[in-house]
Amino acid sequence: MVRPVAAGVGAKVNLFEHDRNGLRALFAQLGEKPYRADQVMKWIYHRHVTDFAQMTDIGKALRDKLDAAFEIVPPKALFEKQANDGTYKWLLGMDGGNAIESVFIPETSRGTLCVSSQVGCALACQFCSTGAQGFNRNLAAAEITGQVWVAARHLGNVPHHQRKLTNVVMMGMGEPLLNFDNVVTAMNVMRDDLGFGLANKRVTLSTAGLVPMIDKLAQASDVSLAVSLHAPNDELRSELMPINRKYPIKDLIDACVRYTQRKARTTITFEYTMLKGINDQPEHARQLIKLMRKVPSKVNLIPFNPFFGTRFERSEETVIRAFQKILLDADVLTMVRRTRGDDIDAACGQLKGQVVDRTRRQAEFRRKLEQGISHVA
Ligand code: SAH
């Protein structure tokens, strides 16, 4: 939805808030042609310019008009940190004392940015440090797109040229499918040639498994889908991830099958955090194989990353390899994710930013979830 352009009063519209269609609609409200919006997009995303005065292929009169109605404001970096392995982490300041994190993971053939979608998270997965922080609010589209912009500018990205940021994963703080519209808008900018120009398969949304929202995503976008599974049976999964009580494994796998039914989306990645003595036994691997037979998939085993106060431990390396071998022997494509950036708390599940927990809201969410459970039961 496009907010009306403020006519001389009120706050300016932040252009990071909109995808190409949204920008064109905004420009139309000013009586400007769509190609003007496209020109501005290129300045923002290809040249990292945020000052209308520097947009030299646009006449002075129009630049002034744009400057009066719009602004281009990225999130503010509170601090940046580089790990020994080159992993880079930004802490970005939000309103009200909150902060979120995004992480860049450089590899030889690609560079992946891990982006947050919410301040905190309400899903309370037991093994996740963001979950332990509570929930504050959804990020605005500008705050999601802005994370990619801040990283791309830092890396000197030039789309279609030399590009250090090649992949985006919505695997930072928060549950992206609970902030659907803003996440979809931001992913549109990521995949747009006038934006960051990333192919569908290089933009991945990761979800804890909100079944109806997976179907909604299937209507809205062809991005890659990753699903946080972490347990191969309902009893264990419900213990680790409360959301499973509402959307059990069978329903989740069915939704995954529906998601892969379009040609552009061939495989689902299943994330499975290896928790010592909890979900890492051979019987779990065998149960997992049965599930993976139902849907075109690959499995990513993530060694658990500990955080302060957790009751879990990381599975032994030998146990992880044995688990992987059982899956591989059954022809289930399985990778072990290398732990990156853990010396600066930038590894999976370690992002906690700074969340001013709105406990009542979180309690309310939990209550609703419980109601959902009794309703389903
Ligand atoms: N809410 C979304 C996006 C978060 S993605 C989702 O659940 O998919 C972050 C990934 O890291 C998820 O697969 C999550 O389950 C996993 N993770 C969370 N805590 C972890 C930890 N302490 N160690 C390793 N992986 C963890």
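User: Is Asp-331 buried or exposed?

Analyst: This is a predicted model, in which local features need pLDDT of at least 70 and side-chain atom pairs count only at pLDDT 80 or more, while totals for chains, interfaces and linings use all residues. Residues are numbered from 1 along each chain as its sequence is written, and side-chain values use heavy atoms, with hydrogens and water left out. Buried means under 20% relative accessible area, exposed over 50%, and partly exposed in between, with a 1.4 Å probe and protein chains only. Asp-331 has a relative accessibility of 71%, so it counts as exposed.

User: Where does Asp-331 sit, and what is its phi near?

Analyst: Asp-331 belongs to the loop between helix 11 (317-329) and strand 14; helices (H or I, at least four residues) and strands (E, at least two) are DSSP runs, numbered from the N terminus. Asp-331 is a residue other than glycine, yet its phi is positive, near 65 degrees.

User: Which residues does Ile-289 contact, leaving aside its neighbours within four places in sequence?

Analyst: Ile-289 is part of helix 10 (residues 282-292). With a relative accessible area of 10%, Ile-289 is buried. Contact means heavy atoms within 4.5 Å. On that basis the partners of Ile-289 are Ile-326, Leu-327, Ala-330 and Val-332.

User: How many Å separate the C-alpha atoms of Ile-289 and Val-299?

Analyst: Ile-289 lies in helix 10, and Val-299 is 10 residues apart from Ile-289 along the chain. The C-alpha separation of Ile-289 and Val-299 is 9.9 Å.

User: In what order do the 10 strands of the open sheet stand?

Analyst: Two strands pair if DSSP finds at least two bridges between them. The pairing in this open sheet is mixed, and the order of its 10 strands is 3-4-5-6-9-10-11-12-13-14.

User: Why is one side of strand 3 and of strand 14 left without a neighbour in the sheet, and what is the average twist from one strand to the next?

Analyst: Strand 3 (76-82) and strand 14 (334-336) stand at the edges and each has a single partner strand, so one side of each has no neighbour in the sheet. Angles here run from 0 to 180 degrees between N-to-C directions, and axes are lines fitted to C-alpha atoms, for helices over the stretch in contact. From one strand to the next, the twist averages 20 degrees.

User: Which residue in strand 6 is the bridge partner of Val-103?

Analyst: Strand 5 (residues 99-106) and strand 6 run antiparallel and are joined by four bridges. A hairpin of four residues links strand 5 to strand 6. Strand 6 (residues 111-114) points Gly-111 and Leu-113 one way and Thr-112 and Cys-114 the other, all of them buried. The partner of Val-103 is Cys-114.

User: Which residue in strand 9 stands opposite Leu-113?

Analyst: Strand 6 and strand 9 (residues 167-170) are parallel and share three bridges. Strand 9 is covered on both faces, with Asn-167 and Val-169 on one side and Val-168 and Met-170 on the other, all buried. Opposite Leu-113 stands Val-168.

User: And which residue in strand 10 is the bridge partner of Met-170?

Analyst: Strand 9 and strand 10 (residues 203-207) pair in the parallel sense over three bridges. Met-170 has as its partner Leu-205.

User: Which residue in strand 13 stands opposite Glu-271?

Analyst: Strand 12 (residues 268-274) runs parallel to strand 13 (residues 297-303), with seven bridges joining them. Glu-271 faces Asn-300.

User: At what angle do helix 5 and helix 6 pack?

Analyst: Ala-141, Ile-144, Thr-145 and Val-148 in helix 5 meet Asn-182, Val-183, Thr-185, Ala-186, Val-189 and Met-190 in helix 6. The axes of helix 5 (residues 141-155) and helix 6 (residues 180-191) are 8 Å apart, and the packing angle is about 35 degrees.

User: What percentage of the residues of the chain count as buried?

Analyst: The chain has 12 helices and 14 strands. Of its 377 residues, the share that counts as buried is 56%.
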